[in-house]
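Me: Got a model to go through with you. Can we take the ligand sites and then the helix packing?

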Amino acid sequence: MSAANPFVHPQSSMVNILDCVHCGLCLSACPTYLELGTETDSPRGRIYLMRGLEEKSISLSPDVVRHLDLCLGCRACETACPSGVRYGELIESARVAVESQHQRSPSDRFKRRMIELVFPRPAVLRTFLWPLRLLELLGILPWVRRIVPLARLLPPLRSWSQPARIVAAHGRETQRVGLLSGCVAQVLFAETNRATARVLARNGCTVVTPRQQGCCGALYLHAGNREAARACARRNIDAFGADLQTIVVTAAGCGAAMKEYAALLADDPAYAERAQGFAQRVRDVTELLDALPLQPPPDIGPMRVTYHDACHLAHGQGVREAPRRLLRRIPGVELVELPESDLCCGSAGSYNLTEPEMARRLGERKAENIAATAAHCVAAANPGCALQIRAALLRAGMSADVRHPVELLDLAYRRAE
Ligand code: SF4
Ligand code: SF4
């Protein structure tokens, strides 16, 4: 097998494809299989297609591309697989190959190019959102949301201000942490970043938000643009100094990508070692808070909360219990389990823009499950999930209080003030 073959991940091999013993145990975990019931839209079917492409027994036809495009990259199949198939690496390689070998329609190309141009660039995103922000300041946005479906995706746009570059620990400093402000997150979820800095500072951390940081690269990786993702990784490794013991992330998708910088830059002699050290310091904010002796939060109850497992936290990083434990530590919060909590909500990076129909179906399924919990609030540790779930709840005519777990903790502390 040629190492230059684009269907082979640089860190993987055909062995990974051959590890699949076609047992089918992953099928019931796969959102697209659950929705469509077709083998070619299941992990096993897609691995079969990738093997066919690898062995050149099939060609990269529009049909094959369609089945690969429909994959959310949620990695639920990895969690379910008893044979250790690293499906995430396989689909990532397949996407690189699709983008280099397949001619997309002009409209599809345009949409994907716009996503790459706008979302990783906060300044460009802010420019696009200014008209909506103005409508919000004038009090007209709620009406616009009723008639413009895309506007329903947006959270309140009142403030874009980021935490100060350095937020000092209250009392004795126990550690210095770097905060990834994210690209979409710093525009649409600036409040989550501010809440994170406040909560960490209250619990003994000095929080540094380096201004030179940039996109984590996940959006590029999902789009099959590996070189752009590598450039993002180098920039962030340079931006977060070695004095920062932990690099804290509030977006599950970004955290999963940053924990894999070592693999992404393994063949870069200037960065391989630094990437390894960097990846080891990355923590989701719920992981970090769970490990801290928290200042006891005051009561915010009674509040019935359900927790949605973001795919890139549960399947990508294996973090499931930390956010739940954190929520249970807030007095007054009654945590109710969400049916199918780790089934993708349909957000999946930019998937809800490139595959709106499947994203809508999965959003509706999530909203039905949320309705069954009768929760007042949905906690989700990923901005994309929060946007998608909020839109699905609004479409279903339900109240749409969706928050990051750290925001609920911040709310408790601030109520006491
Ligand atoms: S569970 Fe693993 S081995 Fe079984 S079909 Fe799925 S990917 Fe293949
Ligand atoms: S990554 Fe998600 S959508 Fe894709 S095959 Fe695996 S379970 Fe299905």
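Me: Which helices each supply at least two residues of the shell around ligand 2?
Reply: α3 and α5 (76–80) do. Helices here are DSSP runs (H or I, at least four residues), numbered from the N terminus. The model is predicted: local features need pLDDT of at least 70, side-chain atom pairs count only at pLDDT 80 or more, and totals for chains, interfaces and linings use all residues. Residues count from 1 along each chain as its sequence is written, chains are lettered from A and ligands numbered from 1 in written order, and side-chain values use heavy atoms, without hydrogens and water.

Me: What surrounds ligand 2?
Reply: C30, P31, P43, R46, C71, L72, G73, C74, R75, A76, C77 and Y87. A residue is near if one of its heavy atoms lies within 4 Å.

Me: And which residues are around ligand 1?
Reply: Among them are C20, H22, C23, C26, R44 and C81.

Me: How does the ligand 1 shell divide by class?
Reply: Eight nonpolar, three polar and one charged. Ala, Val, Leu, Ile, Met, Phe, Trp, Tyr, Cys and Pro count as nonpolar, Asp, Glu, Lys and Arg as charged, and the others, Gly among them, as polar.

Me: New topic. At what angle do α3 and α6 pack?
Reply: About 50°, with axes 11 Å apart. Axes are lines fitted to C-alpha atoms over the stretch in contact, and angles run from 0 to 180 degrees between N-to-C directions. α3 covers residues 43–54 and α6 residues 87–101.

Me: What does that make the pair?
Reply: Oblique, therefore. Under 35 degrees is roughly parallel, over 145 roughly antiparallel, 65 to 115 roughly perpendicular, and the rest oblique.
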